[in-house]
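Here is a short briefing on chain contacts, cavities and backbone exceptions. Read it beside the sequence and the coordinates.

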There are 4 protein chains.
Amino acid sequence: MKGIKIVTIGGGSSYTPELVEGLIKRYDELPVRELWMVDIPEGKEKLNIVGNLAKRMVKKAGVPIEIHLTLDRREALRGADFVTTQLRVGLLDARALDERIPLKYGVIGQETNGPGGLFKALRTIPVILDICKDMEELCPDAWLINFSNPAGMVTEAILRYSNIKKAVGLCNVPIGMRMGVAKLLDVSPDRVHIDFAGLNHMVFGLDVYLDGEKVTDRVIDLITSGEKSNVTMSKIVDLGWEPDFIKGLGVLPCPYHRYYFQTQKMLEEELAAAKEKGTRAEVVKKLEAELFELYKDPNLAVKPPQLEKRGGAYYSDAACNLINSIYNDKRDIQPVNVRNNGAIVGIPDDSAVEVNCVITKEGPVPISVGELPVAVNGLVQQIKSFERVACKAAVTGDYRTALVAMTINPLLPSDTIAKQILDEMLEAHKPYLPQFFQEAQFS
Amino acid sequence: MKGIKIVTIGGGSSYTPELVEGLIKRYDELPVRELWMVDIPEGKEKLNIVGNLAKRMVKKAGVPIEIHLTLDRREALRGADFVTTQLRVGLLDARALDERIPLKYGVIGQETNGPGGLFKALRTIPVILDICKDMEELCPDAWLINFSNPAGMVTEAILRYSNIKKAVGLCNVPIGMRMGVAKLLDVSPDRVHIDFAGLNHMVFGLDVYLDGEKVTDRVIDLITSGEKSNVTMSKIVDLGWEPDFIKGLGVLPCPYHRYYFQTQKMLEEELAAAKEKGTRAEVVKKLEAELFELYKDPNLAVKPPQLEKRGGAYYSDAACNLINSIYNDKRDIQPVNVRNNGAIVGIPDDSAVEVNCVITKEGPVPISVGELPVAVNGLVQQIKSFERVACKAAVTGDYRTALVAMTINPLLPSDTIAKQILDEMLEAHKPYLPQFFQEAQFS
Amino acid sequence: MKGIKIVTIGGGSSYTPELVEGLIKRYDELPVRELWMVDIPEGKEKLNIVGNLAKRMVKKAGVPIEIHLTLDRREALRGADFVTTQLRVGLLDARALDERIPLKYGVIGQETNGPGGLFKALRTIPVILDICKDMEELCPDAWLINFSNPAGMVTEAILRYSNIKKAVGLCNVPIGMRMGVAKLLDVSPDRVHIDFAGLNHMVFGLDVYLDGEKVTDRVIDLITSGEKSNVTMSKIVDLGWEPDFIKGLGVLPCPYHRYYFQTQKMLEEELAAAKEKGTRAEVVKKLEAELFELYKDPNLAVKPPQLEKRGGAYYSDAACNLINSIYNDKRDIQPVNVRNNGAIVGIPDDSAVEVNCVITKEGPVPISVGELPVAVNGLVQQIKSFERVACKAAVTGDYRTALVAMTINPLLPSDTIAKQILDEMLEAHKPYLPQFFQEAQFS
Amino acid sequence: MKGIKIVTIGGGSSYTPELVEGLIKRYDELPVRELWMVDIPEGKEKLNIVGNLAKRMVKKAGVPIEIHLTLDRREALRGADFVTTQLRVGLLDARALDERIPLKYGVIGQETNGPGGLFKALRTIPVILDICKDMEELCPDAWLINFSNPAGMVTEAILRYSNIKKAVGLCNVPIGMRMGVAKLLDVSPDRVHIDFAGLNHMVFGLDVYLDGEKVTDRVIDLITSGEKSNVTMSKIVDLGWEPDFIKGLGVLPCPYHRYYFQTQKMLEEELAAAKEKGTRAEVVKKLEAELFELYKDPNLAVKPPQLEKRGGAYYSDAACNLINSIYNDKRDIQPVNVRNNGAIVGIPDDSAVEVNCVITKEGPVPISVGELPVAVNGLVQQIKSFERVACKAAVTGDYRTALVAMTINPLLPSDTIAKQILDEMLEAHKPYLPQFFQEAQFS
């Protein structure tokens with residue numbers, strides 16, 4: 001029987017060793033025959049470094065996974081079973097602009113659902129839709145597992161503007177929350193279950209269970225009892241929560257909710273951090289350089305522990321888990337980004353949501369959520385409106401649509417500032433936004 | 001045949017002469033026999049001034065409407081056909097606090113959908129629900145026409161927490177927009193029709209028609225062509241709109257949308273105005289004092305033209321129009337606040353919305369809107385979430401619920417500032433918020 | 001100013017004199033300049049007879065409406081403002097088969113929502129969609145007013161399978177019910193209002209009003225107090241209703257509901273009638289022959305009173321009313337078939353429903369219904385399922401889809417009988433069903 | 001640690017040995033300490049027979065489950081963890097009337113969703129709601145697992161008319177379909193998965209999977225390739241399906257669908273069977289008598305194999321499976337009857353549906369279905385309307401509501417016959433329908 005062919009677009013990413021480790025670990029039930037790592041010419045050096053590490057890893061593990069390194073995406077895609085996308089159009093320099101420019105105007109950049117995320121979407125979505133077209137032709141039965149950010153909008157765009165139905169968006173926020181809660185409760189993560197529902201980077205834990213019993217209130221007490229919530233991510237500063245607010249809300253927020261419920265404090269933190277140590281992109285750039293130095297070591301044949309600090313921890317492991325459950329029809333439950341299909345009442349059926357799903361061979365099937373709690377529904381709807389308008393702007397290259405997306409983002413303080421930020425960012429990212437410049441669509 | 005009995009609660013309001021004028025004007029088809037003006041002891045003096053003016057007005061007009069002045073609400077309600085509520089719990093002094101306190105924390109007070117509006121709701125809703133209980137007993141067949149602000153939340157609370165089904169919320173924003181558009185187009189208002197949909201003070205003109213033909217784009221061009229939009233209200237400064245934003249949005253915003261789409265500029269304006277000439281409440285207080293001086297003139301027997309500057313223009317006329325259409329089963333179209341009942345897809349059936357309705361003897365029936373445009377849906381949903389949580393806080397007196405309402409309001413910059421404003425406002429409005437203090441529900 | 005151009009496809013219909021009368025009557029506010037009557041070669045003789053009567057009518061009335069008779073549909077459509085369709089593919093002979101064949105198997109033919117209606121849809125929808133294509137090209141701004149049966153399915157098909165958005169389906173059932181109720185109450189019809197909601201030939205009067213006051217229970221008492229309901233149509237036998245059933249239902253059924261709530265009795269009636277005097281088609285054929293004899297009379301220059309017995313009374317008048325309200329942006333309320341757009345909760349937004357609408361220059365806008373009463377929702381949903389599958393069969397020519405439509409129709413007693421009737425009817429109507437025969441899609 | 005207390009109401013049922021066997025089999029992970037078997041005085045003898053068999057079974061198995069037999073329901077309920085209800089108000093004699101009376105009028109009795117089912121609901125729902133009230137008081141944390149028929153309507157009634165939230169309805173139709181499909185495919189049942197969605201006894205297999213791969217078309221080919229479908233139940237005659245109909249439908253029907261898609265043939269079968277060997281109730285009565293003879297054998301200490309022929313095979317095993325998954329938070333997937341909560345679009349959130357659920361310690365959570373296929377939605381909606389009206393009739397005892405339920409049932413041919421059957425059945429079941437007779441609600 002033929003083994004599995006996996007293609008990783010953006011294969012030169014520093015995350016890739018976690019993916020390789022995940023595949024090695026699961027080899028017995030997930031017999032991968034070929035792993036194709038694809039990158040663009042600008043990423044060739046990194047691809048080689050990571051690729052060689054990957055080769056050493058499979059060799060050391062003694063599993064017969066062939067590692068292929070290539071710049072030819074179409075060659076890689078032919079006959080693939082799973083395609084993972086972890087690309088970053090414009091690399092970390094573009095992300096630095098996403099963060100820096102809004103800050104000049106007193107606005108948080110926020111590389112996923114904020115103005116930075118809007119531009120990440122404008123740059124990324126056309127590339128992903130292009131990959132979808134290639135997949136239609138070259139591997140129409142393959143699954144697309146996207147973990148390029150902004151994962152929510154990318155999934156929304158695939159659902160609305162491509163013909164690829166077998167697509168899932170993946171994020172490490174839910175697994176990070178589960179890990180965090182487990183640590184708070186001082187139990188192993190597999191005893192913790194969370195009813196996730198919302199959007200990507202806008203997901204709530206509607207209820208938390210320990211060994212199947214509801215412990216939501218206990219967890220809320222724990223995250224509001226000190227100066228820090230202790231459920232966060234390395235990249236998002238943990239300012240704690242106003243206890244009565246979270247207790248009134250009655251659900252577990254995700255780390256990214258700080259940008260919306262603590263906007264002013266987060267802005268101050270970001271301004272200070274940008275001054276002191278650079279924006280997150282700038283910090284990550286240093287981290288990555290260090291990682292690649294490690295990866296070059298010809299004696300290294302395992303994922304180095306330093307990778308976990310990178311911020312993307314669990315990402316690739318989550319991807320392996322998902323691929324494994326699809327391949328083996330495991331029917332276990334994982335939180336992913338998929339077509340809503342009625343799971344959350346009030347969100348269009350054909351929009352992307354992040355919810356717990358049963359993972360089957362035919363893909364993830366969402367578990368019904370019903371109505372979101374009233375107090376969180378409004379914000380979720382507002383981000384969904386932003387996401388939908390942003391996707392439309394990414395596909396049409398229409399200036400006014402982009403301005404509407406920018407202005408309705410809850411982080412923006414006015415239409416005029418939105419326009420200023422938009423104009424400066426469009427200019428700054430011009431090389432990656434051909435859809436906005438080809439026909440002089442704006443003045 | 002018995003004539004109609006109308007009861008006006010808050011009858012001592014400076015708006016009442018417009019109501020009386022409206023009833024006189026329509027006497028032939030709307031034969032009102034008794035108009036009962038009710039007020040509280042603190043308002044007795046004003047009630048007498050306005051009441052006497054009303055008596056002179058009906059006498060001069062030669063219509064047999066009996067004017068009754070009373071402080072006994074229950075006596076007035078017995079056997080009423082229509083009850084209008086135009087009350088202001090805590091009077092203008094409370095409104096001044098609604099506006100002043102948030103400004104201290106760099107937040108717009110906004111007496112309808114902002115933090116000020118939250119407190120207006122907390123003070124007003126229990127009183128209105130009390131009136132509903134009296135109506136159930138004393139005039140179960142009467143119509144309740146509310147134009148106390150925040151009219152949206154008051155209607156939401158009546159729908160969810162009272163047994164009164166025959167209730168309508170009324171606002172002068174839609175009629176003001178129609179007047180404004182007519183002026184811009186230089187035509188008479190009856191030739192202009194607007195498809196209104198949204199929430200109170202959060203209503204959009206989805207399309208605008210002149211003699212039945214769509215002129216939406218033309219109107220959008222007009223409101224974005226200069227420094228001012230020219231569709232506003234006397235109380236809301238007209239900063240103009242970013243043309244590409246409104247053109248991208250493709251719908252007519254209402255004046256209150258400035259608070260959400262131009263938050264920072266509006267805050268600066270309010271801070272400056274507060275310093276210079278006082279908050280809106282303080283300005284209105286002076287205006288009212290002047291009006292009551294006029295009303296005292298025993299030779300005055302008509303509505304004085306100065307009333308139109310008061311800010312509530314068209315309000316009472318809209319109320320007379322509504323009463324007239326209900327009484328005569330006119331089946332004409334008016335924008336009012338009613339149970340959604342499916343009119344706007346995505347808003348709960350049992351929530352209040354502001355939409356065009358066919359006005360029948362059995363009440364207003366909303367015209368289907370379908371889905372709101374994606375770009376505006378998010379903000380509308382967020383305000384609806386705020387409104388619903390605020391109503392719950394008003395009814396339960398629960399501190400955490402009030403904090404959630406405050407924090408999720410889009411004007412608030414963080415959970416911590418929300419708590420500070422909430423705490424100071426609760427203390428300031430203590431005499432009017434028994435539900436929060438009776439059982440020491442918060443620390 | 002240019003006058004209005006109306007095109008009537010199926011202009012040789014015996015109904016046309018009512019249309020002409022309606023246009024003459026409204027000439028002052030609806031200045032029609034040209035009325036084009038179009039028919040197919042087989043209908044040429046009738047077209048001439050009716051056309052000449054029409055010419056005599058306008059001449060006598062002294063209005064400058066030009067009557068054009070043509071077999072060239074495309075020439076007629078060019079530049080039209082309103083297109084009415086009142087065609088009958090296969091003429092009355094086809095209808096006779098629609099009624100006769102099912103009866104052989106002990107099943108009611110029912111030429112609208114029954115097996116007969118399915119075949120009428122299969123024959124008619126492709127022709128209407130063809131007209132839509134011509135309209136897109138030749139008169140893209142024109143309104144399509146369809147009153148060809150089955151009007152519900154034809155509207156459904158236009159909404160789902162054509163690009164024409166300005167389309168309305170019209171039926172005389174609601175106006176007939178209003179007339180019937182007015183007669184029962186012994187008042188003039190304009191004092192009666194009915195909240196219509198449902199589907200074509202499956203519409204309910206949810207509430208009935210006299211001068212704006214609910215009289216639903218009184219009307220239900222009247223229609224259930226004797227052996228006949230007295231709210232019916234000339235073509236549907238009036239068997240009365242089981243009083244407790246209708247009182248329990250609490251809404252006014254339409255005459256066609258007898259086919260579903262009194263299936264067995266109606267079948268017996270139809271079998272007896274078919275034996276005695278022929279099916280409805282056969283009766284109508286005689287009536288039509290008599291009418292055309294009358295129409296030939298060169299001295300006749302008005303609509304002859306005998307036309308009212310034809311069964312289609314009020315149809316053309318309803319069409320003129322609708323055209324008039326669209327043209328003059330009357331914003332009055334008329335029951336028509338349109339896109340649901342949320343009006344009836346539980347029916348897809350993009351499906352056709354028959355509901356009260358506000359008639360504007362931009363077309364009919366449905367008034368919100370909310371949820372249908374539980375007891376009627378099921379049957380309405382079942383007919384909607386039937387309609388949607390039938391439309392799909394009409395467009396695809398797929399045999400199995402047609403069999404599903406036939407089998408799920410509530411009049412059919414089993415899948416096997418459905419197949420027998422389907423097969424015999426497909427064969428009988430072969431000349432009018434090219435979509436089923438071109439590529440030998442079934443055995 | 002305290003073990004589990006299970007209470008079985010209707011414990012004297014012939015099904016109970018399967019339940020006992022199921023509990024013994026799962027003892028290691030589901031440590032039941034007490035099994036209380038409750039019955040009414042009329043069932044005392046059977047209770048003793050079955051109870052003694054149960055005692056012999058646990059003794060032989062060597063598990064420390066205490067068996068308690070009692071006629072005191074309240075004593076049994078106190079402190080229960082799980083309550084199963086498998087009762088039959090009026091016993092098999094009542095069921096015989098449910099089947100016999102409609103047949104006299106040429107109508108299928110159908111003891112679940114037909115006129116027989118209506119009467120079963122009218123008799124059973126008040127008793128179940130009474131048990132719910134006892135549970136609120138005596139074991140508020142217990143789970144109610146109902147498998148009394150009509151399980152769909154009973155669940156609907158619990159959801160709408162009781163305060164018990166922890167309730168699940170169970171049926172053996174889905175597991176029977178899975179077994180049948182496995183046999184057809186000649187594989188073990190655990191390799192087959194079916195996407196179940198619909199209502200109780202009106203459930204469809206939307207897709208069928210073998211080892212996770214879709215085999216829906218293959219299964220449809222198999223069930224339509226011969227004279228029998230081979231997916232049926234012992235009590236429902238297998239007439240095969242019209243192949244093109246099922247292929248057009250594209251989903252797997254359940255055995256009960258024959259009553260709706262093959263009404264006439266099923267009626268003929270039932271009439272013949274009733275004449276020849278008695279109705280199903282009469283056949284079952286004999287089977288039961290034989291079973292109880294077996295049960296009396298003091299040497300019998302296992303579930304006798306003859307029980308499987310009884311028609312309720314897998315029922316009790318399904319119940320044990322469900323209890324086990326709840327107790328152990330298994331998060332596996334089982335098809336049960338629960339609150340829809342958005343799982344099937346178009347069915348009210350608060351209505352009961354039969355869908356695949358993830359079974360957690362907090363109960364079953366439905367997996368999203370989205371919209372049902374158009375062709376089946378109508379029938380499902382119609383049965384849901386019937387169920388809801390029937391529940392209302394059961395609770396109110398209102399004659400007209402009962403008549404509406406009867407008339408809108410798709411098996412009934414007219415309002416008049418509905419009334420005749422209703423009247424005769426009300427009279428026949430009078431002792432079990434106090435709600436209809438206490439206050440002379442009908443004439």
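**Interfaces, cavities and backbone**

Chain C and chain B bury about 1900 Å² between them, and carbon and sulfur atoms carry 51% of that area. The model is predicted. Between chain B and chain A the buried area is about 3300 Å², with 58% from carbon and sulfur atoms. The size of an interface is often given as the accessible area lost when the parts come together.

**Chain C against chain B**

- The contact draws on 24 residues of chain C and 24 residues of chain B.
- Which residues of chain C lose the most area to chain B? They are C:Arg331, C:Glu362 and C:Ser368, which together make up 28% of what that side buries.
- The salt-bridge count between chain C and chain B is zero.
- Polar contacts do occur: ten residue pairs across the interface of chain C and chain B, both partners at pLDDT 80 or more.
- On the side of chain C that touches chain B, strand 9 (213–214), strand 13 (363–366) and strand 14 (370–371) of chain C each supply at least two residues.
- That side of chain C divides into nine nonpolar, six polar and nine charged residues.

**Chain B against chain A**

- Chain B gives 34 residues to this contact, and chain A gives 34 residues.
- B:Asp244, B:Arg400 and B:Asp415 supply 17% of the area that chain B buries against chain A, more than any other three residues.
- How many salt bridges cross the interface of chain B and chain A? The rule finds four.
- A:Asp244 forms a salt bridge with B:Arg400, and their closest N and O atoms are 2.8 Å apart.
- Polar contact links 25 residue pairs across the interface of chain B and chain A, both residues at pLDDT 80 or more.
- Elements of chain B that give two or more residues to the side touching chain A are helix 9 (243–249), helix 11 (263–277), helix 14 (374–396), helix 15 (399–408) and helix 16 (415–428).
- Helix 14 of chain B provides the largest share of that side, ten residues.
- By class, the side of chain B that touches chain A holds 14 nonpolar, twelve polar and eight charged residues.

**Chain pairs without contact**

- Chain A and chain C are not joined by any contact, and their closest C-alpha atoms lie 12 Å apart.
- Chain B and chain D also have no contact, with their closest C-alpha atoms 12 Å apart.

**Cavities**

- Three cavities of 30 Å³ or more are found in the structure.
- The largest cavity holds about 50 Å³ of space.
- Its lining consists of C:Ile223, C:Ser229, C:Val231, C:Trp241, C:Leu252, C:Pro253, C:Cys254, C:Pro255 and C:Arg258.
- The lining of the largest cavity divides into seven nonpolar residues, one polar and one charged.

**Backbone exceptions**

- Most residues other than glycine have a negative phi, and most peptide bonds are trans.
- In chain B, the peptide bond from B:Asn149 to B:Pro150 is cis, with omega near -10 degrees.
- B:Pro150 sits in the loop between strand 5 (143–146) and helix 6 (151–161) of chain B.
- In chain D, a cis peptide bond joins D:Asn149 and D:Pro150, with omega about -5 degrees.
- D:Pro150 lies in the loop between strand 5 (143–146) and helix 6 (151–161) of chain D.
- B:Asp186 is not a glycine, yet has a positive phi of about 60 degrees.
- B:Asp186 is placed in the loop between helix 7 (173–185) and strand 7 (192–199) of chain B.

Note on methods. Residues are numbered from 1 along each chain as its sequence is written. Chains are lettered from A and ligands numbered from 1 in the order in which they are written. This is a predicted model: local features need pLDDT of at least 70, side-chain atom pairs count only at pLDDT 80 or more; totals for chains, interfaces and linings use all residues. Side-chain values use heavy atoms; hydrogens and water are left out. Contact means heavy atoms within 4.5 Å. Buried area is the accessible area (1.4 Å probe) that two parts lose on being put together, summed over both. A salt bridge is a side-chain nitrogen of Lys or Arg within 4 Å of a carboxyl oxygen of Asp or Glu. A polar contact is a pair of N or O atoms within 3.5 Å; within protein, one must be able to donate a hydrogen and the other to accept it, and residues adjacent in sequence count only if both atoms are side-chain atoms. Helices (H or I, at least four residues) and strands (E, at least two) are DSSP runs, numbered from the N terminus. Ala, Val, Leu, Ile, Met, Phe, Trp, Tyr, Cys and Pro count as nonpolar, Asp, Glu, Lys and Arg as charged, and the others, Gly among them, as polar. On a 1 Å grid over the protein atoms alone, a cavity is a set of points where a 1.4 Å probe fits but cannot get out, and a pocket is an open set with protein on both sides within 12 Å along at least five of seven lines; lining residues have an atom within 4 Å of a point. Grid points are joined across faces, edges and corners, and a volume is the space filled by probe spheres set on the points.
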